[in-house]
Amino acid sequence: MADYRKMWESLGMDLETHDQLCEVLPQAFGDVFLSQENRPEAMDYYNFVIAEIHGVRPQELIKAQEEGKKVFGTFCVYVPDELIFAANAIATGLCGGSQFWVPGGEKVLPTNTCPLIKASVGARLDRTCPFFRIADMYIGETTCDGKKKAWEILGEDVPVHVMDLPQMKREKDIKAWAEEIKELKKVIEEFTGNKVTAESLNESIKLINNKRKALSRLYECRKADKVPISGRDALVISQIAFYDDPARFTQMTNKLCDELEQRIKDGVSVVKEGTKRILLTGTPLAVPNWKLHNIIETSGAVVVCEEMCTGTRYFENLVDETKTTVDEQIDALANRYMGINCACFTPNTGRIDDIIRLAKEYKVDGVIDVNLKFCSLYDVEGYTVERALKEAGIPVMGIETDYTDNDAEQLRTRIGAFIEMIGTK
Ligand code: SF4
Ligand code: SF4
């Protein structure tokens, strides 16, 4: 990585602690990604983004701030990035996926909080992530209890606006979400000093839809019998989608898809014939959480799809681009976002339907339902997920894990046995 120390210093970061993170990340990336054979050439771009993860994009965000733009940090796929870009501001994902940040979160949160929340709070309070320092305002949401309370703690350190996400999907709930989006628009307009117009919103709806289309194209490639890209590579692309410049990300992902589509035509696969195909479902895998994909793909299987927020929940369904007034556009946003099926909703049968549909579309041999430790929402829903899959005759295994490596060997044994089992079905 180039030398960004001056920039990190100016962000008030704890350089000494941050150095420790910078030391371990390249090694981890090398072990998990660069060791793979026959990777698509277009992965070079994403390799570069990860190698410079705390450098290049933060530098761009700071430059944008110097030019008068505001940066908003988000933590959930229900927050409509479209509104932020429509106000000539920038949205960046802030979810923490490293154990490195967890102890910092545990200083203020109970240990039995999900690692995603602990890492996100720790990254801010310990001053060890430039993105968390750069964001001028955080946008939280009332999805799960842990997050709801975490916003109060973060709100003492940085401006936080919380969106009240309904937990059911009745007509009145979709209307209520549209009202929340209107409220967010007001907040963003006041904070940035820029008006969101029908024109600017139309443009940003297209911008984010294009990103969704590129990701959808990538996932379409993963349905092929000859798998043109590993699950690890697809995952890191999904993770990068949360904070990269959306137009550039779309361009680079479409370029990668050109290569993948050519690979499919040429019958090129990253795995040998007969490799078992796995669908991962469950809680999100924030960057740099690559643990499960790495274990699965070094145990003789390949991940072909993620029914996760770092996966299909992020890009499926587009926002209607034909609306011409801001009110109509906001309704279109509310409709699209309320179509996401997160376990914080009740009932959440749409998610079960999604999982069965994806298992068929991606022709999977088995499903691994992943739960981040202490996420009771996905843990409880795991019962329904597993039952539905069993009824559909699709092998399923539920696992619970966190960001540490303490359970890696145990997981390797269990996952290895599952892969072997589905091989003999
Ligand atoms: S799992 Fe639910 S709460 Fe978490 S990011 Fe996804 S949609 Fe948001
Ligand atoms: S994984 Fe579960 S507990 Fe953690 S932030 Fe998401 S919904 Fe909340």
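Helix H9 (residues 145–154) lies across strand E3 (137–141) and strand E4, and runs at about 160° to E3. Here "lies across" rests on contacts, counted when C-beta atoms, placed from the backbone, are within 7 Å. Axes are lines fitted to C-alpha atoms, for helices over the stretch in contact, with angles from 0 to 180 degrees between N-to-C directions. Helices (H or I, at least four residues) and strands (E, at least two) are DSSP runs numbered from the N terminus.

Before we go on, please keep in mind that this is a predicted model, where local features need pLDDT of at least 70, side-chain atom pairs count only at pLDDT 80 or more, and totals for chains, interfaces and linings use all residues. Residues are numbered from 1 along each chain as its sequence is written, while chains are lettered from A and ligands numbered from 1 in the order in which they are written.

E3 and E4 belong to an open sheet of four strands, ordered E2-E1-E3-E4 with parallel pairing; two strands pair if DSSP finds at least two bridges between them. Strand E2 (90–93) and strand E4 (160–163) stand at the edges with a single partner strand each, so one side of each has no neighbour in the sheet. From one strand to the next, the twist averages 30°. Strand E1 (residues 71–74) pairs with E2 in the parallel sense over four bridges, and Phe72 has Ala91 in E2 as its bridge partner.

H9 also leads us to a ligand. Around ligand 2, helix H7 (115–125), H9 and helix H18 (376–391) each supply at least two residues of the shell. Among the residues there are Cys114, Leu116, Thr143, Cys144, Lys147, Thr283, Cys375 and Tyr378, counted as near if the C-beta atom, placed from the backbone, lies within 6 Å. The shell has eight nonpolar, three polar and one charged residues. In these classes, Ala, Val, Leu, Ile, Met, Phe, Trp, Tyr, Cys and Pro are nonpolar, Asp, Glu, Lys and Arg charged, and the others, Gly among them, polar.

Thr143, Cys144 and Thr283 turn up again around ligand 1, whose surroundings also include Cys76, Cys309, Cys342 and Cys344. That shell divides into eight nonpolar, two polar and no charged residues.

Finally, look at a helix pair. The axes of helix H3 (residues 43–51) and helix H12 (residues 231–241) come within 11 Å and cross at roughly 55°. That makes H3 oblique to H12, because angles under 35 degrees count as roughly parallel, over 145 as roughly antiparallel, 65 to 115 as roughly perpendicular and the rest as oblique. Tyr46 and Ile50 of H3 and Val236 and Ile240 of H12 are among the contact residues.

Notes: Two residues are in contact if their C-beta atoms, placed from the backbone, lie within 7 Å.
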